Amino acid sequence: MPKNSKVVKRELDDEVIESVKDLLSNEDSSDDAFKKSELMVDDQEEKDVDVEEGSDVEDERPAWNSKLQYILAQVGFSVGLGNVWRFPYLCQKNGGGAYLVPYLILLLIIGIPLFFLELAVGQRIRRGSIGVWNYISPKLGGIGFASCVVCFFVALYYNVIIGWSLFYFSQSFQHPLPWDQCPLVKNTSHTFVEPECEKSSATTYYWYREALNISSSLSESGGLNWKMTICLLAAWVMVCLAMIKGIQSSGKIMYFSSLFPYVVLLCFLIRGLLLNGSVDGIRHMFTPKLEIMLEPKVWREAATQVFFALGLGFGGVIAFSSYNKRDNNCHFDAVLVSFINFFTSVLATLVVFAVLGFKANIINEKCVIQNSEKILKLLKIGNLSQDMIPHHINFSSITAEDYNLVYDIIQKVKEEEFDSLGLKSCQIEDELNKAVQGTGLAFIAFTEAMTHFPASPFWSVMFFLMLVNLGLGSMFGTIEGIITPIVDTFKVRKEILTVICCLVAFFIGLIFVQRSGNYFVTMFDDYSATLPLLIVVILENIAVTRIYGIDKFMEDLKDMLGFSPSQYYYYMWKYVSPLVLLCLLVASIVQMGLSPPGYNAWIEDTAMEEFHSYPTWGMIVCISLMVLAILPVPIVFMVRRCNLIDDSSGSLASVSYKRGRIIKEPVNLEGDNTSLIHGKSPSEVPSPNFGKNIYRKQTGSPTLDTAPNGRYGIGYLMADMPDMPESDL
């Protein structure tokens, strides 16, 4: 090209640049937000264009720093206190090792499929529970609100348990441990053992009187327990500080809170196996009782444990997965976390029964010594003949086997008057058969066993620090199940919402740190979550398989994962899981109806628990908890069905504006009367700009059909027809 041609070309380019600058300088500044955005609205088959890989503009949504951090968060949420104090009890109660068979079967039928479903919808739509179910069907948007309500109810009392653990943790730095022996009471004349403690045990007395200072009934509040109030405040401060920055702050804490319990469990297992009687406990635990496995109650309790062990329906699973990349292999995550949860339960069961076997062995030795002394007294006064005692028996160092031999001989010879002798059999199995769970296991049975450990304060510190971490891991997921959906839906600042949520929860939670607070914990645990969560998960399954469409969902999974999931999940989601969940719901309702509503009250005079029925106001509270938890579902359905609230008002926004794009959500022109752009009335939508917005679309996005009724027609009509009347939108 000649030299003068280049000069001419440069001059022309300069003129074009100046023209563009002039054009841009005349643009209305009010359109800046619109310039930075693009609207992608299409039919149900292409709902997720907003998360296409390789887009030039990244979504503002936070993301996990690493896959390990995400897995630890899901493990921390699913592995909680129930794995330590609920699963071992169910295993012992329902056939020992045989209980693992129905548990594994139900884990494969409802556990993994439903866990996979929640992970997939959260990762696919990248919203919390409210946004996810409003996206799939606005009429079922109440599912997300119901999950938030249940999460709030559970968080109220779950953090109280963390407070109890903090109290015991703080009291473990002393030797001997304060619950090692019964306290002595002094009066003017003499010193004696506290009667309430003497009638029960040192650990039982410490739990009910020193820690809880419990009242004798639900109606007798007794005022606040200041020690537990301080511990509850400390627990909420810990949760608030960990959650205030979302996954950026809580994610880093997961490395400790999720891994530390495994270190403690392994240490306890190794230490427990070195103790006398631990093998007896483990053998007793895993000896299968196959006849019990056939009982329907065993399958119902196994299904309930699977359901709650994985945290289904809470919204925490969806919230955590919503921070994943779109192409993350959530199927692998679902299987991995589910089996980590299962093996953690088995590990915890080994630890619990190794320690309880050691405790049973100590109690059995005391029983043998006490009853051997009784036999010696009976021999001295002549009630028993020396001839019936084998010659090799030495009562000064008698073993459990020798004592049982003497016991059997005396029982046969003195058959008629045996009961009057007052001898006990002293079988270690009898002690192991005393099933304990929940707070009775953690704060009474296990603490009693640890008092017999060498260096017992160290093991007590480790145990209760483990409980605190297990509780915090679950609390992080529970609070995330509240915060993430509300932030996504109402666009409030996460820091402010977290502080407000924790403050409100602390003040409401003061009812649990009254002297009668333990009874309220039992009430909330029994009635606030079980039935509502079952209904929520059933509706989740229906929403995905029937309303969104199971075939379309399978296609979405193929698009996300890069491979087609097994058809096993297709049949589980469509047929088997809903049927099993319905059966579980019916069985739970029947069980609730057959079981008299009440609680076990601690009676100071007798030093024993006594069953009390709930008063009328208590029954009203129980029913209200269940109704309030599930009430958002019918309310949102009726609001959507009857158009009681204008969708354009923004109260249930389904289009989320983000820097760089507008995240579109479902548009159902036939089935729903929802507007195309929720949260912005047509008059509020910034006017389109011809300068460049009509040409901006994500890298790699397909060529768009500009026909009004085409796949992408509506989005381009808004760009190409700015004078179209607002009513047409």
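Author: Phenylalanine 167 counts as buried, because its relative accessibility is 5% (buried is under 20% relative accessible area with a 1.4 Å probe, protein chains only; exposed is over 50%, partly exposed in between).

Reader: What kind of model is this?

Author: This is a predicted model: local features need pLDDT of at least 70, side-chain atom pairs need 80 or more, and totals for chains, interfaces and linings use all residues. Residues are numbered from 1 along each chain, and side-chain values use heavy atoms, without hydrogens and water.

Reader: How many aromatic pairs are there in the structure?

Author: There are 54. Rings of Phe, Tyr and Trp (its six-membered ring) pair if their centres lie within 6.5 Å; planes under 30 degrees apart are stacked, over 60 edge-to-face, the rest tilted. One of the pairs is phenylalanine 167 with tyrosine 206, stacked at 6.4 Å centre to centre and 25° between the planes.

Reader: Which helices hold those two?

Author: Phenylalanine 167 is in helix H8 and tyrosine 206 in helix H10, so the pair ties together parts 39 residues apart in sequence. Helices are DSSP runs of H or I, at least four residues; strands are E, at least two; both are numbered from the N terminus.

Reader: New topic. Is serine 165 buried or exposed?

Author: Buried, at 1% relative accessibility. Serine 165 is also in helix H8. Beyond neighbours within four places in sequence, serine 165 contacts Phe443, Phe464, Leu467 and Val468 (contact: heavy atoms within 4.5 Å).

Reader: And H21, how many of its residues are buried?

Author: 10 of the 13, so H21 is largely enclosed by the rest of the structure. Phe443 is one of the buried residues. Their cover includes helices H8 and H10.
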